[in-house]
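Work through the exercises below with the sequence and the 3D structure in view. Each task is followed by a solution in steps.

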Amino acid sequence: MEQTKPFYDFCVPYSKDDSVMRALLNELVETGYKTVAIDQSFDHSKKEAGKRGSEMFPEPHKVEHLRREFHDKLRILQRITILYVDVNVAHAMSVSQNLRKFNLIAGQPKTDAALTHCCTAFNGDLITFDPAAGSRLLVNRKAYQVAVRRGMFFEIKYAPSIADSNYRKDMIKIAQNYCTKGKSKNIIFSSGAAHEFQLRGPYDVANLSFIFGLSEDQGKNAVDRHCRQLFLKAESRRLGKTIMFVKGNGPIVFSDTSEDEQSTEDDEMMGLESQIGEADALEVKDGTEHVIKRLKVA
Amino acid sequence: MANHYYFDIKLKLRDPDAVVLTPALFRSCVLEALDSFFCEEKPTLEIVKFCAQQQRVVFRVPEELHDIVRMSIELIGHYQQMPCHFEILQSSKSSLDFEKSIEKTLSGLPNFED
């Protein structure tokens, strides 16, 4: 399994200036982060309809030199944030090869319709928002619940709230909306910091949960466990269907009941297994019949 | 006697030479942040120790203000229009002293001259 270490910051904006990137990454190491994602934005709405070809998403920026430099200190991932207004983005995403090169895909809707699409059908991992646009877009309860069920995560960036008090108000409003509509489920915190002075340590960030309407546990999970879940979900999306081999290192004990009880349970289990076996055989049979039918149609 | 919380702060400034670092200015910066974030007017904030060279401050606040002071410090992004980060190194109910902690660290190091 892909190994990552806490703590996580999944939004470090990419800068062409290497010295800025180095300063940011050094500060991240110093404050205790171990896994970070370098973010690059792509505005789908600015692409003209006629020019929407098979590949419209950019290649990830070259950050190999930074990976080598911070090899033993940080795990550097790459993320793309797609800004969009309509559902046409879904087709472009489905045919894109470049998107597979990114570890994380975030959606940044610009309209209410796009926000609903982002929650219900967007083939990404993360829903973010533009702090400069204010609290114009607020998610509704149903869309939030669908997004949570689909394993999507909502991102709250804290750096804009340090930079400007107006952004802070909007950020609090959006976070409170997440709290009232969906009990702040599946929230992650990330920085979105333009320079190293906007970065805060993971414990400080977790502590900011109080102003964003999250509980203490939710605050801690927002910089640790939820980020790990998000990473695993993104990896599974990238890799598609995979086969997993599980190897036991020793005897597996299912229960600590007595031998008699165990024997009756074993009998029951055997009965169940035989039933399941028959059902599986039927399913397989159905499956092959289905495939043969499809082949005939083709 | 009222209970207090002590904060040990490291001041990280983009250009430390371009700003005037004094206890009064630091205090007013924190109080201003408290006022703007939580409308907490004139809370008690006593500076216990201040070193401009090391850019370290130890101050104390009443126990009930601990949470809001902590959050306000985290959200401070500018000191005299200069980007800054006030890093909370430690907060404790017992008294803190950065000079002692520095001495302790130095005494813990092996002496290479012997």
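**Exercise 1.** How much area is buried between chain B and chain A, and what percentage of it do carbon and sulfur atoms give?

Solution. The model is predicted, so to speak of local features needs pLDDT of at least 70 and side-chain atom pairs count only at pLDDT 80 or more, while totals for chains, interfaces and linings use all residues; side-chain values use heavy atoms, without hydrogens and water. Residues are numbered from 1 along each chain as its sequence is written, and chains are lettered from A and ligands numbered from 1 in the order in which they are written.

Step 1: take the accessible area (1.4 Å probe) that the two parts lose on being put together, summed over both. Step 2: for chain B and chain A this buried area is about 1,500 Å², and carbon and sulfur atoms give 57% of it. Step 3: on the side of chain B, E74(B), L75(B) and H85(B) lose the most area to chain A, together 40% of what that side buries.

**Exercise 2.** Find how many residues of each chain are in contact, and describe the side of chain B that touches chain A.

Solution. Step 1: with contact meaning heavy atoms within 4.5 Å, 15 residues of chain B meet 15 residues of chain A. Step 2: 6 residue pairs between the chains, both residues at pLDDT 80 or more, are in polar contact. Such a contact is a pair of N or O atoms within 3.5 Å; within protein, one must be able to donate a hydrogen and the other to accept it, and residues adjacent in sequence count only if both atoms are side-chain atoms. Step 3: at least two residues of the touching side come from each of β1 (4-13), α1 (23-38), α2 (66-75) and β5 (82-92) of chain B. Helices (H or I, at least four residues) and strands (E, at least two) are DSSP runs, numbered from the N terminus. Step 4: α2(B) supplies the largest share, 4 residues.

**Exercise 3.** Which residues of chain A form salt bridges with K12(B)?

Solution. Step 1: a salt bridge is a side-chain nitrogen of Lys or Arg within 4 Å of a carboxyl oxygen of Asp or Glu. Step 2: between chain B and chain A the count is 3, and over all chains the structure holds 20. Step 3: K12(B) forms one with E27(A), where the closest N and O atoms are 2.9 Å apart. Step 4: K12(B) also meets E30(A) in a salt bridge, 3.2 Å from N to O. E30(A) lies in helix α1 (residues 18-31) of chain A and K12(B) in strand β1 of chain B, so this pair joins two chains.

**Exercise 4.** In what order do the strands of the 7-stranded sheet of chain A follow one another, and is the pairing parallel or antiparallel?

Solution. Step 1: two strands pair if DSSP finds at least two bridges between them. Step 2: the order in this open sheet is β1-β2-β3-β4-β5-β6-β7, with parallel pairing. Step 3: β1 (8-13) and β7 (187-190) of chain A are at the edges with a single partner strand each, so one side of each has no neighbour in the sheet. Step 4: β5 (residues 126-127) and β6 (residues 153-157) of chain A are joined by 2 bridges, and I127(A) stands opposite F154(A) in β6(A).

**Exercise 5.** Which residue in the turn between β2(B) and β3(B) has a positive phi?

Solution. Step 1: β2 (residues 46-51) and β3 (residues 56-62) of chain B run antiparallel and are joined by 5 bridges. Step 2: C51(B) has R56(B) as its bridge partner in β3(B). Step 3: the two strands form a hairpin with 4 residues between them, and the turn residue with a positive phi, about 55°, is Q55(B).
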